[in-house]
Amino acid sequence: MKTLFKNANLIDETGEVKTNLDLLVADGVIADIGENLCRDDAEVIDCTDRFITPGFVSMHCHTPMNIFKGIAEDVNIDDWFNKELWPYESKMQDEDIYWGAKLACAEMINNGVTAFADHYFKGHLIAQACEETGIKGDIAWTIFGFGGDCSEELARATKFCEDYKNAELVNPRMGPHSPYMCSPAVLKEIVDKAKELGVGIHLHVSETKAQVDTSKELHGGKTPFEVVNDAGGFDVPCIVGHGLWVEEEDLKYINEKTVFAVSPKTYTKLGMGAGGLWTYKDKINIASGNDGSASSNSIDVVKQMRMFALLGKWDDNAEGFTLKEIWQYMMNGHKYLNFNSGKLQKGCAADLNIFNLNTVATAPVYNPLAAIIYSSVPSVNITDVMINGKFVKRNGKLAFDEKEIVEKASACAKEIYARGRGVTKLYF
Ligand SMILES: [Zn+2]
């Protein structure tokens with residue numbers, strides 16, 4: 001199966017634009033890039049005026065929570081979680097997780113996301129959604145462990161890591177929930193298991209100011225980053241969900257294997273404040289996150305990073321947060337996932353987006369990065385999405401039955417609502 005894109009404009013992961021080039025895809029990878037390429041055995045697609053880019057990456061999702069999109073609005077973060085979300089979420093059934101994840105996969109592909117990093121319970125159901133829709137998922141099986149014993153869930157997570165070690169579309173990792181939902185001993189136990197299995201970890205760190213204050217109170221002045229560091233969490237590849245309230249003293253604990261998955265839409269919506277994220281952005285690795293549609297209402301890398309730029313600029317810093325910098329945050333996640341993706345180079349996985357910017361939203365195009373970052377509607381402007389050389393979206397349509405996904409997810413949502421909130425003993 002070969003595809004030859006003719007006369008395309010290419011935007012690479014750094015934001016450099018090259019015009020009028022051909023790109024050949026064969027056996028799932030980029031086989032050649034050049035002028036006047038010719039292949040009789042390839043499907044030829046004319047890309048005159050189109051822009052081909054690496055796919056987007058969303059680095060901190062809770063895909064099953066797509067089932068809760070819009071369920072709790074206009075509440076603060078404590079009430080959002082403790083009064084609104086968790087009482088429903090704690091009663092989720094397997095089919096809610098599966099259809100929620102599948103709805104998220106469909107939405108992500110529609111928005112040009114070719115790979116995501118997820119953090120949730122029952123990772124095998126999310127993996128199934130990846131395999132059925134064709135998207136790449138780095139899935140961290142979530143573990144709580146404040147009671148001191150996490151052996152049952154750790155055994156399930158370990159089995160998941162072993163089962164998916166060599167999967168084509170899924171990369172497993174360990175997902176301790178956070179230093180506030182796992183005791184230090186449990187955190188260390190999970191990290192030790194990750195080291196033994198040769199996988200990374202993905203966890204929440206310093207999401208709110210209250211979490212940092214409580215951590216200092218409970219752990220002799222230690223911030224959440226220091227608690228994670230004590231457990232060896234930064235010895236392995238580590239995806240930090242948020243890190244919004246990172247402090248200067250935390251910078252010494254993190255390293256090149258650590259990436260912050262940031263979700264500014266969630267922070268603004270739940271009134272979580274500005275934190276140190278913007279201040280220290282040049283000293284940390286940043287990639288676009290999402291936090292799931294329950295708190296951010298969509299999984300859209302462009303919306304998240306557009307907001308990151310606007311919040312960075314708003315207080316007399318219009319020259320900062322340049323188009324190229326923001327574009328690189330949108331691409332950065334690829335470096336931290338094992339999918340051989342994210343570059344327009346020979347041998348790299350053919351995980352690609354094709355943009356049509358000749359639309360009322362985006363024309364005229366003086367600068368394609370400006371058109372994409374500040375004007376585009378990804379679900380409309382991204383006409384085609386390819387993962388491992390296969391189209392998962394073609395000519396504006398998803399390559400699988402989206403109607404069934406919407407119907408099944410909506411039916412699950414009705415049952416969730418009918419089951420009601422109930423009472424939960426867990427308090428975040
Ligand atoms: Zn999260």
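**Domain arrangement and a helix pair**

The protein chain falls into two parts, domain 1 (2-54 + 341-399) and domain 2 (56-336). The model examined here is a predicted one. Taken over C-alpha atoms, the centres of domain 1 and domain 2 are separated by 28 Å. Where the domains meet, domain 1 contributes 24 residues to the contact and domain 2 contributes 24 residues.

Four elements, α12 (368-375), α13 (378-381), β15 (382-387) and β16 (390-394), each provide at least two residues of the side of domain 1 that touches domain 2. Helix α12 gives the largest share of that side, with five residues. By residue class, the side of domain 1 that touches domain 2 consists of 12 nonpolar, eight polar and four charged residues.

Attention now turns to a pair of helices. Helix α2 (residues 94-110) packs with helix α3 (residues 123-133) at an angle of about 40°, and their axes lie 8 Å apart. The crossing in which α2 passes α3 is right-handed. On the α2 side, the contact is made by D94, I97, Y98, A101, K102, C105, A106 and I109, while α3 brings L125, I126, Q128, A129, C130, E132 and T133. Sorted by class, the residues of this contact of α2 with α3 comprise 10 nonpolar, two polar and three charged.

Technical notes: Residues are numbered from 1 along each chain as its sequence is written. This is a predicted model: local features need pLDDT of at least 70, side-chain atom pairs count only at pLDDT 80 or more; totals for chains, interfaces and linings use all residues. Axes are lines fitted to C-alpha atoms, for helices over the stretch in contact, and angles run from 0 to 180 degrees between N-to-C directions. A crossing is left-handed if the near helix is turned anticlockwise from the far one by less than a right angle, and right-handed if clockwise. Two residues are in contact if their C-beta atoms, placed from the backbone, lie within 7 Å. Ala, Val, Leu, Ile, Met, Phe, Trp, Tyr, Cys and Pro count as nonpolar, Asp, Glu, Lys and Arg as charged, and the others, Gly among them, as polar. Domain bounds come from an automatic or database domain assignment.
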